[in-house]
Structures are given as C-alpha cells and as structure tokens.
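Me: I would like to go through some of the labels attached to this structure and ask what each one rests on.
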Amino acid sequence: MTNKTKVTPEEALAYHLEPRPGKYEITASVPMATQRDLSLAYSPGVAVPVQAIADNPATAYDYTVKGNMVAVISNGTAILGMGNLGALASKPVMEGKAVLFKRFADVNAIDIELDTEDADEIIKAVSLMGPTFGGINLEDIKAPECFIIEQRLKEIMDIPVFHDDQHGTAVICAAGLINALEISGKKIGDCRIVLNGAGAAGIACLELLKSMGAQHDNCIMCDTKGVIYQGRTEGMNQWKSAHAANTDLRTLEEAMRGADVFLGVSAKGAVTPEMVASMADNPVIFAMANPDPEITPEEAHAVRADAIVATGRSDYPNQVNNVLGFPYLFRGALDIHARAINDEMKIACAKALAALAREDVPDEVAMAYGRKLSFGRDYIIPTPFDPRLIYVIPPAVAKAGMDTGVARRPIIDMKAYEQSLKARMDPTASILQGIHARAKQAQARMIFAEGDDPRVLRAAVAYQRAGLGRALVVGRDADVKEKLEVAGLGDAFRELEVVNAANSRHLDQYKEFLYQRLQRSGFDRTDVHRLAARDRHVFSALMLQHGHGDGLVTGVTRKSAHVLNLINHVFDAKASDGAVGVTALLHKGRIVLISDTLVHEWPEPEDLAVIAKQAAGVARSLGLEPRVAFVSFSTFGYPVSERATKMHQAPKVLDGMKVDFEYEGEMTVDVALNPEVAAQYPFSRLTGPANILVVPARHSASISVKLMQEMAGATVIGPILTGVNKPIQICSTNATVNDILNMAVMAACEVG
C-alpha cells in the first residue's frame, strides 16, 4: 500500500492563513450582550467567585476554565522530525496540538512557546503558570532536557505534567503490543524485546513495558552506536544507563536474532529483511519512524508472513498514533482534578485501547474506512476516528487515578460520567472524516465541470493530492495551466487530466445519445451540437452518463436552477423523477439536513413524503439514524392555516408508505430541535431531536439555509442531489474550495 496523499506547500500555507491566520480562536461561553452580563462577568460580580476561590482554592475548578484547560508548551528544540528551529517556528505545531485536544476530547488547550533552551528557565516559567491550567502537555523539547524538565515539574506542580513525545508513543505502543502478543500466544515477561532509538520516545516505551512486566535484561536498547550494555561508556547518559542490559550482544543485527519484538523509533531503513528473517516465530514489528518506517510492512511480510507489523503511518494497518492517547488521558485526568498522570493511568489507557480493539467494530467505523475491521493481525489498535474512544478510555484513566490516590474529586457515578462523555462528541467531525475515508477507498474518477474557475481547479488538485481519486477537469489546457500557475499550483497541471470537448474522441457518441433523447423536445442536431460541444455542464453530464467518469461536481459558475435544467437534458433529475435536494447544516457539533433545497418549488403532501424518504437515505449515507420533522409555523394543528395543511397531511402519506424511520409533524422548528420544548408534546413519535427538517417550499429552505450560514456561521454542505441514477452534486456560486471538495467527496461516496 502506498501513500497517495500529497500536501503541497501552497495548500499547507493556505490552510493556516484562511479564513483567518492560525488554527483556533477564543469564544465566550456565557452571554456578554447586556450591562447586566458585563456586571456579572467582571466588576462587581466577579468579586464573588474571587473570594470563594481565595477561601477554598478547589473551587477554581468550579468557577473557572482551569478544570478543562491544558497548556501545550514547547521551546521548539525538537520540532517533529525537523530539529531545533526555535520557539516561534514551533507555534503552528503547538496550535495543531491544541485543536487536536479540542477535536478528540473536548479539552480546551492553548499553546505557549518559550524562547529559551535553558531547562531551569522553562521549569520556572511553567511552574509559575500552574494556577491557570488543569494540566501541562510538553511537546517537541529535545533530550535530555525533556527528561529533566518533566521530572522536575512533576515534583513541584500539583497538576498533571505529561511529555507526549515520550509517553504518548509509549501508551499506544503498549496497547498494540498487548494485542500482538495475545495473537502470537506470548507473554510480555517471556519476550525478548529489541528497541532501536534511545531518545525520549524509545526510553519511555521501555520504561512503560517494564512496568507492565517486561524483564530488564530481556529488553535490548540500541542507538546509533549499537547495543546499550552494562559497562558501555561511549555516548551514554543517565537515562540510557538505566536501561543498559547485561548482554554480550553488540549490534542491532545481533540483537534481532531470535527476538520476539522489535520497537523502532529511529530512522528509515534501519531494519533489513535479513534481520526480520532472523527473529523468533510470530515476530512483532513496530516500525514507528516517521514519515518512513524502519522497514515497510511489505518488506517485512515478504520474508515473514507470520509477522505482525505496525507503523506510524495512516496508510498502513495498525497505526501507532498518539492521538489515540493524549486527549483521553488528559480528559480522564482533568475530570478527577488529578494531581498527576501516573504509570497506572497510562497502563489503564493502554489496556482500555487494547480491549476496545478486541470488540466488535461499529458499522459507522467500518463504513468510514471502507472495509470491515475485526481484531486480528491487521487490526490490533483502534482507529483514531472510532467514536467509542471518548467514552471508553477516559473512564479507565479516571478509575486508575482514583485507585492510586491522585484524584482530588473522584467520580461517584461512572455510568453518568460515560453518558456525559458521549454528550461531548462532535458528530459533524466524525461524519466528515467518515465520508472522506470512504471516498479514499472508492477512488472515484471525479469530473470537475468548470475548469475555468480557480476555486474548482484548486479543489480538483486537492481531491487528487489527498488521494481521493482521479480528477478530470473540463476545460482548455492553456487556460487551466495559466490559472493553476496564478494560484501557485503550476506543477499540478501535469497531474490533472484536462478534458476538452473540442478534441474529445467521444463527442460524436455523446451527440447521438443527446439527439435521441431530445429530438422530440424541439432540439435539432445543430442545437444538440451546441449543447454537447459548447456547454461544459452538458458535456460533463454526458461524460458521466457514458461511464467516462464516476461522479460530477458543477454549479460554481452558474445558478443551481440553471445548471439543474442543463443536467436534465442528459439525466432524469426533475421533481417528477424523484429528484430531491438535501442540504446539510453543521453547527456547534450538530448536523441537521434541510430539504428540499433544490428541486421542488412548492411540493404537495405526496411530494413532501418522497422528500422525507430521500432525505432519510442521505442521512443514512452520512451515518445518521433519520428522525424527520415536517416543519411549519404551526404545531400539531394550531394555529389553523391552509398554508400548514399540507405539512399536516404529509406524515399521513408516509404512514401508508410503511417507511423504517421516525417522522412526525407538523411542528415548529423549536419543537423539532429542542428536547425541552418537545417534552410538552409527549405523544410525539420522535424519540429525540429531529435531524431532518422537511420544509414547506424551496424558498423557505433557501431562507433557512442562508440565514444559518450568514448569522450563525454554520457550515453548509449541499444541496446534495439525490434521486438521480448517477452521483451529481451541484455547488452554490459562492462555494469555497473546501465546499467544492466536500461536494466531490459526497459524489465519490455516492451519497444520495
């Protein structure tokens, strides 16, 4: 398997620049609109919690964000694999770490870059910031200073201090090893383990494995000078010396003979096929060097079919990914107001991850990765986007913290805690990740109809370079090349396939098909030639119809109604054909589908029932269980109005269709979406807030979507065209590059 994903410098810079510089912002969690709000937020109201905290410091966790705030701290001396580039250069990485905390565990995090290489200065600075935070995450600080800084801060601070480069890798490595040894039928205490790479991560891996039962002299650590053995003096320090083994082995090659486990946190190519061949039966190989492993799975399996292989890469099975650990470790630690993250909590995290990988994988996870995942040699570690992580791992960490006495505020009701963790999940992120993963699996040839628009070209390049499939751009070579060069993507021209109707060898075939379809609708051969050869929307639709592409994205340069009319020359995409437009609104962790936003101008009750059914199909394609509300300005018959009558009748039409999803109506939007308001109607058939709103007409759908977009800042995906026999998605004229890419992904996944 090869890594098809390619990120260009231009794309990376644009991602960090747009829509505003950086990767996160601070937003208020309380009202700040009136004089009363200001009086409560600041003077004089703020004096009350100030006094409460002065009287009882533990109440800082109740009245401030301390209990859900982590500092991500670096001095930039070991940035990724790039080395010592300084504190300021590390800021994009630390911002990235902060948003990962928020994305995966709803932990607020802020990055702090310290412009010093003096360990004592860093210790002093961080310790003085202790009152602000509930935990400290150290990152990208070089060895040996990272050991000194972490150890000293653990001694003097009363909140968790965690160097993720060390312990994050160790925890995920331990989780994978638990399962790999179970599959191979071995016990950790009996295994001979070879580690290559005696830096922060490698030393932490061995320390954690030894605390889990690995024997000291069975663990052979190697660095660039060979085996670290008792009595060695060259290139040694106190941390390496602690792991010096009593052994006659002197080289990595010697150490690998008969070894049960290899752990690599070193460099590409450090392990040869001959070394793998010399290992014991059912060898476990964790080649975790990034971006390229010590040995690839293909190379290892070529000489040892019985090997269990993990890497640090997402394009191979068994990815050792720190994001499986640090967000959930801190989530559990913060929720018990822990004084530290100790070995027992790290082991609990590793064991919980290992146990999760042995459980049946939910359908939405399998759907996201495009394949069935089940415990075995190619699935020993959960995937980063498994939605169960948030409510499985933190409770295990919290319990270990409580059992070992580091919890200030133990959790009494663990079941209620698990439910609260589920409520923290952001379904929109997992849905988008899921469809991107499915698109990557599908490898669809995507037709981008408007190759003269720079946004479309940038989206086409992003689609191809993200490894999602082949991008087919309809346009003229010279024009496409010029616009790509202006966009700073000139090198992408040779990667894309540019299709020009003027020199297409399929044009005669397309015209004949179109003539047969339109000859009784007032179109002669001249009209058909103009449509097929000169209108890119029609030409692109003809490409799709004839199997010369797998999906189509269009609509960026023309109004959607006009584009849909052109597509109808080639496909049956009218209201009478069952076509429906469904728009997804993503806002504050919620996703709501609104329909019909594209096809039906003024639907009747029978149309509304069809719209609901089609929207339910889209919801299921996105991994949602449909709950449909027919919305109006009246609720269950009051106030009475002929305008609301059809919304009252539509559910009755659905009754006769015997559909397999929840639906109810008519009702106002607050009844549909707000559980407290909905509770006033206990007879409602909806078991929870609706995630599909069927509206009375296209104009009300358009108003609703654009109002949410402009006033609330909702992310809009759609309208998603459903009910057509080929995947066609029509963007809006104000679509961004990311919007166009999302629509291409929808088409690739055949959503709708």
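Me: Which residue is the bridge partner of Asn196 in β8?

Reply: The model is a predicted one. In β8, Asn196 has Gly264 as its bridge partner.

Me: What makes β5 and β8 a strand pair?

Reply: Pairing requires at least two bridges between the strands. Strand β5 (residues 193-196) and β8 have 4 bridges and run in the parallel sense, so they meet the criterion for a pair.

Me: How do you know that β8 and β9 pair?

Reply: The cut-off is again at least two bridges. β8 is joined to strand β9 (residues 284-287) by 4 bridges, and the two run parallel. Within this pairing, Ile285 in β9 stands opposite Phe262.

Me: Why are both faces of strand β8 called covered?

Reply: In strand β8 (residues 261-264), Val261 and Leu263 on one side are buried, and so are Phe262 and Gly264 on the other. Buried here means under 20% relative accessible area.

Me: Why is Leu608 called buried?

Reply: Leu608 has 0% relative accessibility, and the limit for buried is under 20%. Leu608 therefore counts as buried. This residue lies in helix α26 (residues 605-621).

Me: What does Leu608 touch, not counting residues up to four places away in sequence?

Reply: With contact taken as heavy atoms within 4.5 Å, Leu608 touches Pro603, Phe630, Lys646, Met647, Ala650, Val694 and Val695. For one of these, Lys646, the separation from Leu608 is 38 residues in sequence and 8.4 Å in space, C-alpha to C-alpha.

Me: What makes Glu139 and Lys97 a salt bridge?

Reply: The side-chain nitrogen has to be within 4 Å of a carboxyl oxygen. For Glu139 and Lys97 the closest N and O atoms are 3.1 Å apart, so the pair qualifies as a salt bridge. Glu139 lies in the loop between β3 (135-138) and α7 (145-156), and Lys97 in helix α5 (residues 91-105), so the pair ties together parts that are 42 residues apart in sequence.

Me: Are Glu139 and Lys97 buried or exposed?

Reply: Glu139 has 7% relative accessibility and so counts as buried. Lys97, at 8%, also counts as buried.

Me: Why is Arg455 called partly exposed?

Reply: Arg455 has 23% relative accessibility, so it counts as partly exposed. Arg455 forms a salt bridge with Asp453, with the closest N and O atoms 3.0 Å apart. Asp453, at 11% relative accessibility, counts as buried.

Me: How do you know that Asp479 and Lys483 form a salt bridge?

Reply: The closest N and O atoms of Asp479 and Lys483 are 2.7 Å apart, and the limit is 4 Å, so the pair counts as a salt bridge. Asp479 and Lys483 are 4 residues apart in helix α21 (residues 477-486), which means that about one helical turn separates them. Asp479 is buried at 12% relative accessible area, while Lys483 is partly exposed at 24%.

Me: How many salt bridges does the structure hold, and which residues are linked in a network?

Reply: The structure holds 42 salt bridges. Lys91, Glu95, Asp111 and Glu113 are linked in a network of them.

Me: What lines the largest cavity?

Reply: The lining consists of Asn75, Thr77, Glu117, Ile141, Lys142 and Glu145. By class, 1 is nonpolar, 2 are polar and 3 are charged. The largest cavity contains about 30 Å³ of space.

Notes:
Residues are numbered from 1 along each chain as its sequence is written. This is a predicted model: local features need pLDDT of at least 70, side-chain atom pairs count only at pLDDT 80 or more; totals for chains, interfaces and linings use all residues. Side-chain values use heavy atoms; hydrogens and water are left out. On a 1 Å grid over the protein atoms alone, a cavity is a set of points where a 1.4 Å probe fits but cannot get out, and a pocket is an open set with protein on both sides within 12 Å along at least five of seven lines; lining residues have an atom within 4 Å of a point. Grid points are joined across faces, edges and corners, and a volume is the space filled by probe spheres set on the points. Ala, Val, Leu, Ile, Met, Phe, Trp, Tyr, Cys and Pro count as nonpolar, Asp, Glu, Lys and Arg as charged, and the others, Gly among them, as polar. Buried means under 20% relative accessible area, exposed over 50%, partly exposed in between (1.4 Å probe, protein chains only).
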